[in-house]
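Please look through the sequence and the structure below before reading on. The paragraphs that follow lead from the chain as a whole to a few pairs of side chains.

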Amino acid sequence: MLRTEIDRLTKRIRDFEKLETSGGESGDIIYLKRKIYFLEKTLEQVEKERSELSMKCTMSEEQLKRLQEQMNVSVQTSQRKIIELKKMVQHLKIKAGITDERKESVAN
């Protein structure tokens, strides 16, 4: 999209330069030169903004990647801890002589 705009403006500059060399009215040439100057400055600003936004986007993508990795590690740690705690509860039930009523009702 930006490349297309640059090409379009470059073509317009060439067209304006042709007008200048073909002997157009001096008022028109001055107007066109001012317009070209304005368009070039605008294009520079747009390119600078695009570059800044591209950098912000890249930084945000990297930050998101790190956060996702941290979340994955956190989830895995939590899952291991849950399994460990379930085993401890089961061991304590066995030690205390508590049986799981659900298992007994299935067996009958």
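A residue is called buried when its relative accessible area is under 20%, exposed when that area is over 50%, and partly exposed in between, as judged with a 1.4 Å probe and with protein chains only.

What you see is a predicted model, in which local features need a pLDDT of at least 70 and side-chain atom pairs count only at pLDDT 80 or more, while totals for chains, interfaces and linings use all residues. Residues are numbered from 1 along each chain as its sequence is written, and side-chain values use heavy atoms, with hydrogens and water left out.

The pLDDT, which is the predictor's confidence in each residue on a scale from 0 to 100, averages 84 over the chain, and 83% of the residues score at least 70. Helices (DSSP runs of H or I, at least four residues) and strands (runs of E, at least two) are numbered from the N terminus, and the chain has 3 helices and 0 strands, so that its pattern along the sequence reads α-α-α. Confidence is highest in helix α2 (residues 26–96), with a mean of 93, and lowest in helix α3 (residues 101–107), with a mean of 53.

We can now turn to the charged side chains. A salt bridge is counted when a side-chain nitrogen of Lys or Arg lies within 4 Å of a carboxyl oxygen of Asp or Glu, and this rule gives 4 salt bridges. One of them joins glutamate 5 and arginine 8, with 2.6 Å from N to O, and both residues lie in helix α1 (residues 2–21), 3 residues or about one turn of the helix apart. Glutamate 5 is partly exposed at 31% relative accessible area, and arginine 8 is partly exposed at 40%.

Where does lysine 41 stand relative to glutamate 44 along the helix? The two are 3 residues apart in helix α2, about one helical turn, and their salt bridge has its closest N and O atoms 3.7 Å apart. Glutamate 44, at 45%, is partly exposed, and lysine 41, at 35%, is partly exposed as well. Glutamate 84 and lysine 81 also form a salt bridge, at 3.7 Å from N to O, and they too are separated by 3 residues, about one turn, in helix α2. Here glutamate 84 has a relative accessibility of 41% and counts as partly exposed, while lysine 81 is partly exposed at 44%.
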